[in-house]
Amino acid sequence: MKKLAFLMLAIFMIGFAQAQTKKSKNMKKKILFVVTSHDKKGSTGEDTGYYLGEVSHPWEVLHKAGYEIDFVSPKGGTPPVDGFDLKDPVNKEFWENQEYKNKIDHSMIPSQVNPKEYSTIFYAGGHGAMWDFADNKELADIASKIYENGGIVAAVCHGPAGLVNIKLNNGKYLVDGKKINAFTNEEESEVKLTNVVPFLLEDKLKERGAKFEKSGLWQNHVVTDQRVITGQNPQSAKSVGEAIVKELNK
């Protein structure tokens with residue numbers, strides 16, 4: 001009986017240790033999504049916000065791969081949403097997921113974020129990002145800490161607005177010398193917002209030393225360079241999620 005009890009205890013302890021190890025690994029897998037708090041396209045009066053598909057499509061890939069995701073926005077709370085199309089089954093899946101809908105509707109403010117908890121920071125797009133990402137020093141500081149800790153910085157469409165002022169410990173801009181992708185000048189012209197956005201994202205990234213890459217209008221284009229992953233437009237959102245998984249699995 002004593003031997004049986006000892007054996008059962010040993011099996012329990014091994015199982016407990018494995019569960020704790022698994023829990024520890026999962027904690028290291030956390031990913032931080034950044035979404036805009038800005039809800040108007042300049043002086044046009046038109047509504048904007050984070051683009052739903054640029055959250056839902058990377059979310060689907062990362063969620064299915066077993067990663068936990070948190071949300072932060074410049075102002076916290078419930079961020080404005082754009083591109084609201086529930087005919088897209090992935091958008092619908094995200095929007096109806098109670099856990100994650102609750103998470104994004106109660107997004108953190110930057111001061112609540114502990115960069116050490118995250119392996120990746122991902123900036124979702126939507127035109128609102130052009131007004132409140134670039135000059136947010138708290139978000140830039142979070143991103144630089146995640147990157148300097150060996151993590152990944154990713155963004156899609158207008159999300160790379162969050163990358164333009166990130167500086168590293170060596171004093172250089174994060175994007176300097178790296179292949180970078182984002183919403184192009186041609187795409188901004190196509191949607192007739194060239195003179196509405198506060199700056200042109202492609203031009204600003206080039207000013208910061210980025211080796212800007214791009215494809216034609218609305219083409220899926222994603223580039224990975226030294227743990228920085230960027231996508232051109234909404235069509236690239238899922239591929240950015242896949243590129244994050246690939247990089248995390250290295």
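Which residue forms a salt bridge with Lys 103, and how far apart are the closest N and O atoms? In this predicted model, the partner of Lys 103 is Glu 68, and the closest N and O atoms of the pair lie 3.6 Å apart.

Helix H4 itself spans residues 98-105, and its buried residues are Tyr 100, Lys 101, Lys 103, Ile 104 and Asp 105. Among the elements that cover these buried residues are strand E2 (50-51), helix H2 (52-64), strand E3 (69-72) and helix H3 (89-95). At the start of H4, the backbone nitrogen of Glu 99 is approached by a side-chain oxygen of Asn 97, which reaches to within 3.2 Å of that nitrogen.

For H2 and helix H9 (residues 237-248), the axes come within 8 Å and cross at roughly 35 degrees, and the crossing is right-handed. On the H2 side, the contact involves Gly 53, Glu 54, His 57, Pro 58, Val 61 and Leu 62, which meet Ala 237, Lys 238, Gly 241, Glu 242, Ile 244 and Val 245 of H9. Sorted by class, the residues of this contact comprise six nonpolar, three polar and three charged ones.

Across the whole structure there are 15 salt bridges, including two further pairs described here. Lys 92 is bridged to Glu 96, with the closest N and O atoms 2.7 Å apart, and Lys 92 counts as partly exposed at 37% relative accessibility. In the other pair, Glu 186 forms a salt bridge with Lys 214, the closest N and O atoms being 3.0 Å apart. This pair likewise links distant parts of the chain, with Glu 186 in helix H7 (residues 185-190) and Lys 214, 28 residues away, in the loop between strand E8 (211-212) and strand E9 (222-225). Glu 186 counts as partly exposed at 41% relative accessibility, and Lys 214 also counts as partly exposed, at 35%.

Note on methods: Residues numbered from 1 in each chain as written. Predicted model: local features only at pLDDT ≥ 70, side-chain atom pairs only at ≥ 80, totals over all residues. Heavy atoms only, no water. Buried < 20%, exposed > 50% of the residue type's maximum accessible area, 1.4 Å probe, protein only. Helix = DSSP H or I, 4+ residues; strand = E, 2+ residues; numbered from the N terminus. Contact = heavy atoms within 4.5 Å. Polar contact = N/O pair within 3.5 Å; in protein donor to acceptor, adjacent residues only side chain to side chain. Axes fitted to C-alpha atoms, helices over the stretch in contact; angles between N-to-C directions. Left-handed = near helix turned anticlockwise from the far one by under 90°. Nonpolar A, V, L, I, M, F, W, Y, C, P; charged D, E, K, R; others polar. Salt bridge = Lys/Arg side-chain N within 4 Å of Asp/Glu carboxyl O.
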